[in-house]
Amino acid sequence: METGKGTVKAVALIVGDNNVKGSIHFLHQSNGTTHVSGRITGLSPGLHGFHIHALGDTTNGCNSTGPHFNPLNKHHGAPADHHRHAGDLGNILAGPDGVAEISITDSQIPLSGVHSILGRAVVVHADPDDLGRGGHELSKTTGNAGARVGCGIIGLQSSV
Ligand SMILES: *[C@@H]1O[C@H](CO)[C@@H](O)[C@H](O)[C@H]1NC(C)=O
Ligand SMILES: *[C@@H]1O[C@H](CO)[C@@H](O)[C@H](O)[C@H]1NC(C)=O
Ligand SMILES: [Cu+2]
Ligand SMILES: [Zn+2]
């Protein structure tokens, strides 16, 4: 793994309406993927949609973070789908204690370049993301994942 100079790292502090909070770390890996790790507490047990949204704007809470980050103008999908929004990271799972431990490796959320996610937001939803397969009118845009219960702006972090 790369160390020090040249390694791009970012962090987002998750804040939500009720007790939802946490921190999410982003690390650029030498093969070009981004590793996403962290934990979010205060969730209801079960699956929660987890995405990168286009805007790092929380002036109206998580509602002002815009739609899913979608630089290639695709439909909503699952992380492993060819046709997906870049921001589609699928679901995270909260245990009975309301804690979700996150470890995701993804190839469509770089920390530099034209499709960089820096300055955008990471959002956790009230409901499961149906990954575009639910047949609901919102399945192909949001995965019908419901309200935005927590979010944070992705900011550059010291690389040392
Ligand atoms: C990239 O490297 C990371 C860390 O070594 C690894 O977990 C991941 O599977 C690799 N992904 C690809 C597509 O090679
Ligand atoms: C965000 O939107 C939801 C649903 O549309 C609404 O219930 C909630 O009050 C809004 N939150 C803020 C901070 O405006
Ligand atoms: Cu979302
Ligand atoms: Zn999406």
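User: How are the donor residues of the copper ion (ligand 3) spaced in sequence?

Analyst: The spacing is H-x1-H-x71-H. This is a predicted model, in which local features need pLDDT of at least 70, side-chain atom pairs count only at pLDDT 80 or more, and totals for chains, interfaces and linings use all residues. Residues are numbered from 1 along each chain as its sequence is written, chains are lettered from A and ligands numbered from 1 in the order in which they are written, and side-chain values use heavy atoms, with hydrogens and water left out.

User: Which atoms are the protein donors of the copper ion (ligand 3)?

Analyst: They are ND1 of H51, NE2 of H53 and NE2 of H125, at 1.9 to 2.0 Å from the ion. A donor is an N, O or S atom within 2.8 Å of the metal (3.2 Å for Na, K and Ca), and since water is not among the atoms, sites may look incomplete. H53 is in strand 4 and H125 in strand 8, so this pair ties together parts 72 residues apart in sequence. Strands (E, at least two residues) are DSSP runs, numbered from the N terminus.

User: Are H53 and H125 buried or exposed?

Analyst: Both H53 and H125 are buried. Buried means under 20% relative accessible area, exposed over 50%, and partly exposed in between (1.4 Å probe, protein chains only).

User: New topic. How many salt bridges are there?

Analyst: Three. A salt bridge has a side-chain nitrogen of Lys or Arg within 4 Å of a carboxyl oxygen of Asp or Glu. One of them joins R39 and E101, whose closest N and O atoms are 3.1 Å apart. R39 sits in strand 3 and E101 in strand 7, so the pair ties together parts 62 residues apart in sequence.

User: How exposed is R39, and how exposed is E101?

Analyst: R39 is partly exposed, at 41% relative accessible area. E101 counts as exposed, at 56%.

User: And what does R84 pair with?

Analyst: R84 forms a salt bridge with D106, with 2.8 Å between the closest N and O atoms. R84 is in the loop between strand 5 and strand 6, and D106 is in strand 7, 22 residues apart. Both R84 and D106 are buried.

User: What about R133?

Analyst: The side chain of R133 meets that of D81 in a salt bridge, 2.9 Å from N to O. R133 is in the loop between strand 8 and strand 9, and D81 in the loop between strand 5 (59-62) and strand 6, so they tie together parts 52 residues apart in sequence. R133 is exposed at 55%, while D81 is partly exposed at 21%.

User: Which side chain does D129 make a polar contact with, then?

Analyst: The side chain of H76, at 2.8 Å. A polar contact is a pair of N or O atoms within 3.5 Å; within protein, one must be able to donate a hydrogen and the other to accept it, and residues adjacent in sequence count only if both atoms are side-chain atoms.

User: Last one: how many residues are in the largest nonpolar core?

Analyst: It has 25 residues, and those with the most contacts inside it are F26, I40, F50 and I52. Such a core is a set of buried Ala, Val, Leu, Ile, Met, Phe, Trp, Tyr and Cys residues joined through side-chain atoms within 4.5 Å. Elements giving two or more residues to this core include strand 2 (21-28) and strand 4 (46-53).

Note on methods. Helix = DSSP H or I, 4+ residues; strand = E, 2+ residues; numbered from the N terminus.
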